[in-house]
Every structure is written in C-alpha cells, then in structure tokens.
Amino acid sequence: MSSSERPARARLQVRVAATFALGALVLAAALALVTYLLAERYLLDQRVRLVTRQTYLDARAARDSLGGGPAGDPAEVLDGLDISDRRQAFIARGRDWYASGLTAGPRVLPRSLRDLVASGESGRQRFSLDGNPAMAVGVPIPAIGGAFYEVFILDELNETLAVIRNSLFAAAATTTIAAAALGTWAARRTLRPVNEVSTAAARIAAGDLQARLESQSDPDLEQVVTSFNSMASALEQRIERDARFVSDVSHELRSPLTTLAASAEVLERSADSLPSRSRDAVELMVGEVARFQQVVQELLELSRAEAEVDPLDLEAVRLGDLVVNVTTRYRADPLVVEISPEVARTALLLDKRRVERVIANLLENAASHGQGATRIAARRDGPLLRIEVDDEGPGVPESERTRVFDRFYRGAKSGDRGADSSTGLGLALVTEHVRVHDGAVWVEPRDGSGARFVVQIPWRPA
Amino acid sequence: MVEDDDRIRRALRLALEDEGYEIDEAPDGEQGLVSHVRNDPDLVLVDLMLPGISGFDLCRELRKTSGVPILVVTARSDTHDVVAGLEAGADDYVTKPFAVKELTARIRSLLRRTSPLAPQPERLTFGSIEVRPDAGIVCRDGQEVGLTKTEFRLLCELAFHPGIVLSREQLLERIWGYDYFGDARLVDAHIRRLRTKIETDPADPNLIVTVRGLGYKLVP
C-alpha cells in the first residue's frame, strides 16, 4: 500500500519544486533580458555620444590645421591625433584619401556613409569590421573641400556586454536553483502533515488501532487531524466492540458447554447398554460437543491474544526439546525433524505456551489439509529464528496464501467439511502468537508438491 | 464441589460419581465452608466465580485450617485469575469449558498421596528444617510447619535431590502429573508459598534457590 503511495507523493513534491523553479526562471529571465537590453542601450548611447564628440573635436582640429590652404599636409594632421589600433581617422580631400594607419584604406568605410557625407551631411553608422563591431562617424569639412572620418572598433563594449550577459545568466540560474530548493522544502513542509496521515493510516492498517495524529497549531491542519482521529477512534471502538462480542459470546457458552460435556460423557459411559441408534446419536453428540468445546476455547484464546490480555511470557526454552515434545504429544507417525546444531544448543527466549501452540497448530493443519506433516525444521537465519513445517498435500493455491490465516477459512471447498475435524481457527491463532513474538508466518509452495509453512521470529538467546 | 451453576453441578456430579467419587455439593462459599468442616473431604473443587464469598476468599479460608488439596475452576486462563487463585492456596486449576477427563486427571493427580519415588529416608535435615517424608511432617526449629499436601510433595522432591537443579517441567511432571507443557506458574506459585513457610527471609531465599533459566534447587 505504502509503495503505491510513495511515487504519487514524490511526484507532487517534484511538481511543486518544478513550479517554483519554472516561475523563478521565467521571472529571472525576463528581468535579466530587460536589464541587459537597458544596459546595452545605455552603454551604446554613451559610447556613441563619446565617439561622436571625439570625432567632431578631431574634425575641428583638422579643419583648423588644413583651413589655411592646400599647403597643409593631412598626413601631419592625422599624425597629431591620438590614434590607436581601435581607432582610425581618415581625411578625404578631393579625390585624395589620407588614413591614420597603413593597414586600412577608405574602403573600410561603409559606402552609404561616404555618400551621405559627400552630400554635405554629417552622419554615423554601425557596421562590422573584420568581424568586430565598429562605428564610423563622418563630418564634411567644406573649408578644405573634403571630409573627416573616424572609425572606432567597439569590441570593448561587446566584452562589457558579455560580462553583463554572463552575470545575468548566472544570476538567473542561481535564482532558479534556489527556487527549486525552496520549492522542495516548501513542498516537503506542506506535505509533512499528509505524510503523517499516511503513516498513521498505515499503522492502523497494520493493526495498531491506537495510532493517532498529533494536534496541529494550524487551523486548516487541525481540521484534518480532528477528522482523522475521530475516524480512527470510531474504527477502534467498532473493532473492539466486535472483538468483545465474540469474546462475550464465547464466555456465555462456557457454562452450558461444561454441562453438556459432562452430561455427554455420562451418556457415553453407558453407551454400550443403549440401542444401536441411540449409541450412534451419543457418539455423534460426544464428538461434536468436543469440537464445540475446542472452537470456544480457541475463540477465547484468539480474542485474548488479539486483545493482548496476556503479556508475552518469555523464558529460556530449548526449541529442540520443545519440538520433540510437541511432535510426540500431538502425533505418532514418523516425521523428519531437523534442528540445526546452533538451535539445539542455544536456549532461546520464547513464550513456551505460544510456541507450542504455533507448532502444534501447524502440525494439526498439515494433518487436516496436507495429508500430515512430513518435515519440521528449525534453524537460525541471521537475526531470525526460522521454523518450517512441510507437508506433501495438495499445497495452497497462490490466491489463498494469505486467506488461509483468516479465522474459519476452510479453503476453496469451505461448504464441504467432510470428516475435517479442525476448528478453522488454528492458523489464525498461529498468526497471533507469532505476531506477539514480533515475528511473521506465511505459506509457500514446495518444490514438487505440498506446502511449507514458515515462521520467523527474532533470534533472542537467553 | 462448590459451584453456583446448578446444571454444571448436577452434570459433574453424575460424571464424577461414574468415576467412583462421592460428591458433596455447595452452591456458594459459605455452604462450602460448612460442608468442608462437616464432611472433611479429600479434595475441594471450587469455582472461582461465586456469589457471596468469592472462590479466592474461600481458598484462603480453607487454607487457614486445612492442607486439603484444592482444585479451582477458572473462567479465564489469564495470568491474573490463575495466579490469584494459586496465591490464595489452590493446588491446581482447570479452565472452563473443560472435559470431564481433564478434570478427573487433575483430581487423580492431586489425590496421589505419596511421591512415587523410591526409597525414602526417614528424615532429612537442612539447616533448621527437618523433613520426615514417611510421617508427612516438616519441622522448623523443632516446631511443626503446616504444609499442604502439594507443598509437602514439592519440598520432598527437592529434598530427595539436594543440590541438584530440577527444572520446572520436571517438577510439574513429578508433582502435578503434567507433561512438558504444563503451566509453569503452578511451580512458581507453590515455590513462593513454600518459601514463606520455611525460609527465614522469603524475599532472599537461601534454602530453595532459583537457578535462572533452569529451575530450582534445594541447598543442602
């Protein structure tokens, strides 16, 4: 049950975390994009203004130097400028071009800009130069019959923008991861009450009817807690009422049964002097009274075990002796007894009466349904004591392997009892007695044919 | 037989008379006491659930004056009733519903007078305790101690094997006639009662000692 719940719970947790993360991602990405665009625009504007002003200043200087007439040498003017590899200046006079560097000619300037400047307008244009972003500014200088251009390579700006971009990306990623973590935490916190409900419900299902939820300070949760706890109380009361009913009925039957049994025995004693029909009737009556007595005794034992009236009465027991005594007491036909040396030499803390009942009932069950037990084995299995009772009967079909431990369960042909003298309570008692030992009992198929009943209880040396 | 249920009484009387026993019936504790004084029975069968004086009180009253074997009939086999009944002085118990065979087996076992164990010494002495198995007498500092038959048999069993640990199963088998699966609480309760009668300090016994996980032994 819990295994089918767990993935659903995990999915919900993942979903909440994913929602948080996605929300944070969208928000962070939007903010980063806007920030980036604003930063880019601002930085570009600033750069453009700077570049433009620089060009105008340089252009004015060129005009002043060359304005005196054709004697002025544009190359000298260009030399006087503070030129770097990120910045080049050109002077056009008539058809002649002068450049501040030797590497690049006027061809680097976009034609549209040259056309604009040639028409007497100043202008600027962004373009790509050898794969780098660049900006060209052109200023016509009518006084020299030419124009002044400067080209700036803007890769620094790109680097700055790249740093900003990376920072924003990292920030967005961090935010997303943080949001996912926050979402997981929040989901876990929110789901904790659900988990508690689930755990408590599982405990109730496992038989711990006293499982309750703790009171919560949150009013929303408190409502769940109150409802759950009242449901659990109602369930507990109901189960207790049912159990008490069975126990009360059994108690009420004890006195009449004692009378019946004694009377039947008196009749049985004088059966020889009765007519044969009466003798048959007495025989039937005596047999059924005995069985009736056994049912009542076992019902009482079962209800006492379920109500946990008797504490587990642990004492040092040699299981080997116990098994030998049980087998000699309850059956005569041969049976393989395999007690491992470790089990044989260790005194174990067991409730002798209960273990006796467990083994006796398993032998009885094998006799009624499995043509008699063929082997009984006990050995240590790590932290557990393992007891096996085998038979070579028809085995237990898979669909009935848990139901055989239900009270009054008699297998597929439950209507047809035939000569079956069992009470139908033996295996239910086995379950209860094993359970108070903190153990488990189940049935498995054997190789070939037959059933193997396995009891496992904690290995507790005395 | 002290039993308030008229029908059970009648049925058990029929069944036990078939076994050759003579029965005196009493429907409640008061009449049970009267009958005990008047008829001096070999064994008293007491239902623990009685109107008026409870079965427990009846056992205690009987024990003040008598060592007669008492077999109690309990409604439940739970620890509390059984132990309380044994503490009140019962020698053994059967749980309702029981078969008459079970009851007669218990009665026979309680009526067995002597331990079947062979040669019994005339007297055994352990510190201030003197046991005379043939006379059925136990003296402490020369004063006779009143033991019930079961207590006496238990003490003799231990006294015949001084220093040897007897398991609860062995004691159950030899004194009560149970097999390996008898109720060990019978032994424990009787040992406790025996100690209060013969030990100097029953809380710290030095005559009948418990050997944990094994059983009991008498220290010579």
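Me: Helices (H or I, at least four residues) and strands (E, at least two) are runs assigned by DSSP and numbered from the N terminus. In which loop is the place of G395(A)?

Reply: G395(A) sits in the loop between β10 (384–391) and α10 (426–436) of chain A. Please keep in mind that this is a predicted model, where local features need pLDDT of at least 70, side-chain atom pairs count only at pLDDT 80 or more, and totals for chains, interfaces and linings use all residues. Residues are numbered from 1 along each chain as its sequence is written, while chains are lettered from A and ligands numbered from 1 in the order in which they are written.

Me: What makes G395(A) count as buried?

Reply: The cut-off for buried is 20 or more other C-beta atoms within 10 Å, exposed means 12 or fewer, and partly exposed lies in between, with C-beta atoms placed from the backbone. G395(A) has 20 such neighbours, so it counts as buried.

Me: Which residues does G395(A) touch, leaving out those up to four places away in sequence?

Reply: A contact here means two C-beta atoms, placed from the backbone, within 7 Å. By that test G395(A) touches P445(A), S449(A), G450(A) and A451(A). Between G395(A) and S449(A) the C-alpha distance is 6.3 Å, although 54 residues separate them in sequence.

Me: Why is Q371(A) called partly exposed, and why is D438(A) called exposed?

Reply: Q371(A) has 14 C-beta neighbours inside 10 Å, so it falls in the middle class and counts as partly exposed. D438(A) has 11 other C-beta atoms within 10 Å and is therefore exposed. Q371(A) belongs to the loop between α9 (352–369) and β9 of chain A, and D438(A) to the loop between α10 and β11 of chain A.

Me: What is the phi of Q371(A), and what is the phi of D438(A)?

Reply: Q371(A) is not a glycine, yet its phi is positive, about 60 degrees. D438(A), also not a glycine, has a positive phi of about 60 degrees. Most residues other than glycine have a negative phi, and most peptide bonds are trans. On the peptide side, K96(B) and P97(B) are joined by a cis bond with omega of about -5 degrees. P97(B) is found in the loop between β3 (92–95) and α5 (100–111) of chain B.

Me: What makes β7 and β11 of chain A edge strands?

Reply: Strands pair if DSSP finds at least two bridges between them. The order in this open sheet of five strands is β7-β9-β10-β12-β11 (chain A), and the pairing is mixed. β7 (336–339) and β11 (440–445) each have a single partner strand, so one side of each is left without a neighbour in the sheet. From one strand to the next, the twist averages 15 degrees.

Me: How do you know that β7(A) is paired with β9 (residues 373–381) of chain A?

Reply: Four bridges link these parallel strands, and the requirement is at least two, so they pair. One of the bridges joins I339(A) to A378(A) in β9(A).

Me: Which strands does helix α7 (residues 319–330) of chain A lie across?

Reply: α7 lies across β7 and β9 of chain A, at about 165 degrees to β7(A). Such angles run from 0 to 180 degrees between N-to-C directions, with axes fitted to C-alpha atoms, for helices over the stretch in contact. α10(A) also packs on the sheet, where it touches β11 and β12 (451–458), and makes about 130 degrees with β11(A).

Me: What is the strand order in the open sheet of four strands in chain B?

Reply: The order is β4-β5-β6-β7 (chain B), with antiparallel pairing. β4 (124–126) and β7 (143–145) have a single partner each, so they are the edges. Four bridges join β5 (residues 129–132) to β6 (residues 137–140), and V131(B) has V138(B) as its bridge partner. Helix α6 (residues 149–160) of chain B packs on this sheet, touching β4, β5 and β6, at about 100 degrees to β5(B).

Me: Which residues touch the most other members of the largest nonpolar core?

Reply: A nonpolar core is a set of buried Ala, Val, Leu, Ile, Met, Phe, Trp, Tyr and Cys residues joined through C-beta atoms within 7 Å. The largest has 102 residues, and V46(B), C59(B), V72(B) and L155(B) touch the most other members. Its largest share, seven residues, comes from α6(B). Beyond four places in sequence, L155(B) touches V131(B), V138(B), L147(B) and L194(B).
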